[in-house]
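Please take some time with the model shown here, and keep the sequence beside it as you read. The paragraphs are meant to be followed slowly, with each residue looked up as it is named.

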Amino acid sequence: MKVTISRFDPACDSEPHFETYEVTAADKARVLNVLDAVRDNIDAALAYRHCCRGGQCGSCAVRVNGEPVLACMQEASDGDVIEPLDLPRIRDLVTDIAPIIANLAWLNGADEVCSFVSHDDVEDMKPLRECIECFSCISSCPAISASEYKGPTIMCQEQRLNLDPRDKSDRIIEAVEKGLFSCTTCHKCVEVCPKGIETPKKAVEKLRAEAAKRGLSLPAHKALAALIEKTGRSVERKEPTFLERVPDVIEPYGEVRATVGFFVGCMFNARVIQPALDAMEVLKINGVRVIIPKDQVCCGSPLIRTGLSGFVPELSRRNIDAFVKAGVDTVLTICAGCGSTLKNDYKTPFRIVDITEFLCEIGYVKPEKVEGVYTYHDPCHLLRGQGISKQPRELLSAVAERFVDMPARCCGAGGGVKSGQPEEAAKIGAVRAEMVKKTGADYIVTVCPFCEFHLHQVTGLPVKNITTLMLEGYNRNTKVL
Amino acid sequence: MSIAEKSDCHVLVIGSGGAGIRAAVEAKNFGDTIIISKTITGKGGCTVMAEGGFNAVLKDEDSKKTHFEDTMKGGAYLNDDALVETLVSEAPDRIRDLFSWGAVFDMTCENKIAQRPFGGQRFARTCYAGDHTGHEMVMTLLEKLRGSDVSIRDELTVVELLKDGDKVCGAVTCDREGNLEIVKADSVVLATGGAGQVYDTTTNSTAGTGDGYALAYRAGAELIDMEQVQFHPTGAVTPYESRGRLITEAVRGEGGILKNSLGERFMKKYDPVRMELSTRDIVARAIATEVLEGRGTEHGGVWLDVTHLPREKIEERLPVMLNQFMQFGVDIREQPMEVAPTAHHFMGGLRITQNAETTLPNLFAAGEVTGGVHGGNRLGGNALADTQVFGRRAGLSAGRCESYAKSIDAKAVKEIENKIDALYKGTAKISDVRKSMKTVMWNNVGIYRNELDLLVAEREIKKLIDSPLRISSPREISDAVITQNMLLTAKLVIEGALIRRESRGAHTRTDIKQSWNNETSPFGHTFFVRGKCGIELKEDKL
C-alpha cells in the first residue's frame with residue numbers, strides 16, 4: 001500500500017514536506033504497523049511515538065487524512081496521508097506535548113489520609129476519568145488558537161477534580177482562568193476522542209453552571225439570561241415576530257402528506273424571520289401541514305451552554321406542554337441549536353426532527369437548479385449534536401447549480417462565545433472564512449441562524465438558509481406552484 | 001563522540017510505570033529526584049495497560065495468610081517467602097495511598113472498595129477500576145508526581161549504568177537525536193519492567209524490552225529465575241498485526257468461559273474445580289494443548305465467550321474489551337472472542353531484599369524487573385500490588401542512601417563511547433535482528449520447552465549477539481542499545497530454561513520426567529551473575 005507521511009527535520013528542513021512510501025501491510029494492519037514498516041524497511045530515522053499498541057496509552061495519536069486518530073487502533077488504508085497532531089512540532093510525527101501536560105491540574109489532597117470517596121462520587125467521576133492524554137482534542141479544538149482557552153482535556157480534568165471530595169482546590173476559579181467561557185461547545189473534541197469523553201456536556205457546561213451560581217458568568221450571558229427569564233425569548237422584539245405573522249395552522253398546497261408541529265426558535269422568530277417564512281412555504285409545497293403553537297418559548301440552549309440553566313426546566317415544561325396541547329407527534333426544527341437542545345437536553349413525548357432530515361425522509365419535491373457556486377457549512381449542533389450531514393448535502397446538491405463541499409469546522413458562533421467573547425468568535429470565524437474562500441463559492445448555505453449570521457459577518461458572502469435556497473428553486477419551477 | 005556530565009541528583013529512577021513513579025514519589029522526600037523514562041512518563045510501563053486489578057486483603061473474612069498461601073501456591077513455591085510476606089502485608093496500605101491521592105476505583109453500593117475474584121485466589125480480593133485499573137493507577141500516580149518537585153525527563157534511553165567503585169552512581173542516557181549525557185546520582189532505582197517484546201507474540205507495550213535486566217546484569221547485579229515467563233492464556237489472535245494484545249483475566253473473572261472448536265468447555269479436563277479461574281500457567285497450557293491436539297480455531301486459538309452474561313454487565317465491567325473488539329468488528333456481547341496464549345510477564349529478574357536492595361550497593365529495584373515476588377507464576381492482580389509495595393520500598397531505600405561526591409570512571413565512559421562508535425561500523429540491520437530473535441524465542445522458548453529446542457535457540461541468539469548491529473545516524477543509537485538489551489535478556493531466559501531441569505510454574509520441560517511436585521522440588525532459584533549461571537539446590541529436599 002502507498003501512504004504519504006509528513007516529514008520534518010528541524011536540523012535541515014525549514015518547512016515540513018510530504019513523502020510517499022510503498023509498504024507491504026497485512027490484512028487489517030493499523031496505521032502504526034505501516035509506520036513500523038516504513039521505519040524498518042525504508043527510513044530508520046522516521047520519528048513517531050508508539051507504546052501500548054492497544055489504544056490505552058495515547059502515545060501514538062496522529063492525524064490521518066486530517067483527522068486525529070490513534071495510530072495503533074486506526075486501520076490503515078491505501079492512500080492515507082499521515083501527519084502529526086496540530087501541535088508544536090519536534091520532528092516528523094513527534095509533537096511537543098509538554099506545555100499541555102503543564103496545564104493539567106493535579107489533585108490537591110490532604111496527604112497520608114485515606115479520605116472518603118463514595119460510590120456515587122466514583123460514578124460521577126468515571127466518565128471523565130478515561131482520558132489517555134493523547135491530546136487529539138487539543139489538536140482539533142478551534143477555540144485554543146483563538147483565545148486563552150487551554151483545551152478540552154484540561155477542562156475535563158478540572159471538572160473531575162471539582163467533583164472529587166478529596167480535592168481541596170477551587171477548580172471553578174481555575175477553570176475560568178483557563179478559558180472556561182471560550183469553548184464553543186462544537187463537540188469536535190468528543191468526535192475525535194478515542195474514549196468518547198463528552199467534555200462539553202459533562203465538564204464545560206457543568207463547570208459553567210457552578211461558575212454561574214457564583215456570579216462568575218460573563219456579563220453578556222447574564223444579560224441574556226435575564227432577558228429570557230423576563231420575556232421567554234433570547235432575542236428582543238424589534239418588529240412583528242414570526243409567530244405574530246403566521247396562523248396557528250398552515251395548510252399545504254394539495255394533499256396533506258404529513259403533519260408536524262413547528263418549533264421556530266428565537267433567532268428565526270425575531271431576528272432573521274424570512275428564512276422561517278421560506279421554510280413554511282417549502283413545507284407547503286411538500287404537502288406538510290404545519291401546526292404552530294403560539295405559546296412556545298426559547299428552548300433554553302443559550303442558558304444550558306453558558307451554565308445559567310436555572311430557568312431551563314420552566315422553558316422545557318412550557319414548550320413540551322405547548323406541543324402536547326397541539327396534539328402533534330413530530331416537532332420540526334429549522335435551527336440546529338434548538339434541534340440539538342430538544343433532542344439531547346429535553347425528554348419529549350414527541351419526536352424532534354430537523355427540516356433537512358424530515359424532507360429527505362418523506363421525499364421532497366425536486367426544485368429547479370439555482371445558478372451560482374454553493375458550499376455547505378455544517379452547523380456543529382446539526383453535525384455532532386444531531387448526527388446530520390448527508391441530508392443537507394443531498395438537498396443542496398439537488399438545488400444548487402454547483403455544490404463545492406468543504407470539511408466541517410466550527411464557525412465560532414456557538415456556546416455563548418459570540419455574545420460573550422466576540423473577538424474570539426471573530427478569530428475562529430476568520431479561519432472558517434479562509435476555508436470558505438478556498439472553495440471559491442459565491443454563497444454559503446447552512447441550517448443554523450447563529451452560523452448564518454456569524455458567517456455572513458466574517459466572510460462578507462451571502463449566507464442562505466437551505467430552505468430559502470430550495471424555495472428559490474421552487475419559484476423557478478412554475479409547475480410546482 | 002564524547003559524553004557530557006549534565007546532572008547530579010540524589011535519586012535517579014529509571015522507568016515510569018507504576019513502580020518507577022511510586023519510587024520517585026517516595027524518594028523525593030529525601031532529596032533531588034530525577035525520573036527518566038524511555039517514553040512519555042506514565043505511558044510506557046505495563047502498568048498503564050493493566051486491566052484487571054490490584055490484590056489487597058481488605059475484608060475481615062479474607063486474611064493475609066490466605067493471600068500469602070495463594071501467592072505461594074500460584075507461584076509454584078518458587079517465591080521468596082519474605083518478599084511475599086511484604087507484598088501481602090503492605091498491599092492494603094498501598095491501595096489506601098492511591099485512594100488518598102485521588103484514585104477512582106470502583107466502589108460497592110455500600111461505599112466499600114469493590115473487589116472481584118481472580119484466578120488462583122480463594123477470595124475475591126482484586127480491587128479494580130472497570131477494566132482499566134492500571135490506567136487509573138497511573139493517572140493517579142502521575143497527578144501525584146506532577147504535583148511534586150521530581151524532575152521528569154521523558155523519552156530518554158539509558159545506555160549503561162555507571163559505578164563509583166562497587167556503588168551504582170548514575171547512568172548514561174541517550175535522547176531521540178542521539179545526544180548522550182551522564183546523570184549522576186547517590187542511588188539508582190531500576191523500575192524498567194519486563195521483556196515481553198523478546199517474543200513474537202506479547203501483551204507488552206513496545207517499551208517492554210528488558211533494558212533493566214541487561215543494564216543491571218552488565219553492571220554486575222544478580223538476576224534470578226529468568227526462565228519464568230508467564231504466558232497470559234488469553235491474548236488476541238486476529239487480526240494478525242494485533243496478535244498478542246491482552247484480553248484481560250477480568251473477562252473470566254466476570255464469568256467468561258473457554259471453549260474449544262468442538263464447543264467443549266475444556267477447562268474441566270485440566271482443573272475441574274477452578275475451571276477458567278485456575279492459575280494462568282495452567283490455563284495457558286490447557287489452551288496450548290487444545291490447539292496442539294487439533295481442537296483449536298482456524299487461527300490457532302480457542303473461544304472465550306461472555307455472550308451468556310447480561311449486556312449491561314459487559315458494558316459496565318468490560319468497556320475497554322468491548323470497545324477494542326468493536327474496533328475489529330467483533331461485538332463481544334454477541335460473538336465469542338478468539339484467544340491464544342501470549343507472552344505477558346517476567347517473574348524472574350533482579351534478586352532483591354525486602355527493602356528492594358539488589359546485590360549491588362546503591363542500586364535498588366522494583367516491579368517486573370525484579371524476581372522472587374511471584375515465583376514461577378504470578379497471580380493476576382499481584383503485579384499492580386507489587387509495583388506499589390516495592391516501588392515505595394525502593395524509593396525509601398534509595399532515598400536513605402548517603403549523599404557523596406561521586407567520581408565517574410572515565411574508562412567505563414570511554415568503553416561506552418567505543419561501543420556506540422562501533423555501531424556505525426556494524427553490519428546487521430536492527431529490525432531484522434529483532435524479528436529473528438522474536439521468532440526464535442516464540443518457537444523454541446515458549447510454553448512447552450525441551451532441551452533440543454532450547455539449544456537451537458541458544459545457538460541462534462548467540463549468532464545474533466555476535467553479529468554487530470548497524471546504525472547510520474545517532475538517531476538510531478537508542479534502538480540499537482535496546483536491541484542489544486533484548487538479546488541479552490533472551491539469552492538469560494534460554495540459559496535459565498536449560499538449567500532448570502524440571503517443570504515448575506510457567507516453565508514446562510516436556511523432555512523431563514520428575515518425581516517431585518512444586519512443594520517438594522529440590523530446586524530453588526536459577527541465578528545469573530557476571531557471565532555465570534546456576535540453580536540453587538535445597539539440601540533438605542535432595
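What follows goes through the chains in turn and then turns to charged side chains.

This is a predicted model, in which local features need pLDDT of at least 70 and side-chain atom pairs count only at pLDDT 80 or more, while totals for chains, interfaces and linings use all residues. Residues are numbered from 1 along each chain as its sequence is written, chains are lettered from A and ligands numbered from 1 in the order in which they are written, and side-chain values use heavy atoms, with hydrogens and water left out.

Chain A contains 22 helices and 16 strands, where helices (H or I, at least four residues) and strands (E, at least two) are DSSP runs numbered from the N terminus. Along the principal axes, its C-alpha atoms fill a box of roughly 70 × 55 × 40 Å. The radius of gyration of chain A is 24 Å, which agrees with the value near 23 Å that a compact globule of 481 residues would have; this radius is taken over C-alpha atoms, and the globule rule is 2.2 Å times the number of residues to the power 0.38.

In chain A, 60% of the 481 residues count as buried, and here buried means under 20% relative accessible area, exposed over 50%, and partly exposed in between (1.4 Å probe, protein chains only). Among the contacts of chain A with a separation of 6 or more, 71% are between residues 24 or more positions apart, a contact being heavy atoms within 4.5 Å. The accessible surface of chain A is about 18,500 Å², and carbon and sulfur atoms account for 51% of that surface; such areas come from the Shrake-Rupley method with a 1.4 Å probe, and for residues only the protein chains shown count as cover.

Chain B has 15 helices and 23 strands. Its radius of gyration is 22 Å, close to the 24 Å that the globule rule gives for 542 residues, so chain B is as compact as a globular protein of that length. The C-alpha atoms of chain B fill a box of roughly 65 × 55 × 55 Å along the principal axes, and 67% of its 542 residues are buried. In chain B, residues 24 or more positions apart make up 73% of the contacts with a separation of 6 or more.

Charged side chains come next. Chain A carries 59 positive and 65 negative side chains, with the centres of the two sets 3 Å apart, whereas chain B carries 68 positive and 76 negative ones, with centres 1 Å apart. In these counts Lys and Arg are positive and Asp and Glu negative, with His and the chain ends not counted, and the place of a charge is taken as NZ of Lys, CZ of Arg, CG of Asp or CD of Glu.

A salt bridge is a side-chain nitrogen of Lys or Arg within 4 Å of a carboxyl oxygen of Asp or Glu, and by this rule the count over all chains comes to 98. One of them joins Glu314(A) to Arg318(A), whose closest N and O atoms are 3.7 Å apart. Both residues lie in helix 14 (residues 312-326) of chain A, four residues apart, which is about one turn of the helix. Glu314(A) is partly exposed, with a relative accessible area of 28%, and Arg318(A) is partly exposed as well, at 30%.

In chain B, the side chains of Arg509(B) and Glu451(B) meet in a salt bridge (3.7 Å, N to O). Arg509(B) lies in strand 21 (residues 508-509) and Glu451(B) in helix 14 (residues 451-466) of chain B, so the pair ties together parts that are 58 residues apart in sequence. Arg509(B) is buried, with a relative accessible area of 2%, while Glu451(B) is partly exposed at 31%.

A network of salt bridges links Arg7(A), Asp9(A), Asp43(A), Arg91(A), Asp92(A), Glu177(B) and Arg475(B).

Which charged residue is buried yet has no salt bridge? Lys195(A) is such a residue, and the nearest side chain of opposite charge, Glu130(A), is 5.7 Å away. Lys195(A) sits in the loop between helix 7 (188-192) and helix 8 (199-213) of chain A, and, not counting residues up to four places away in sequence, Lys195(A) touches Gly55(A), Glu130(A) and Ile132(A).
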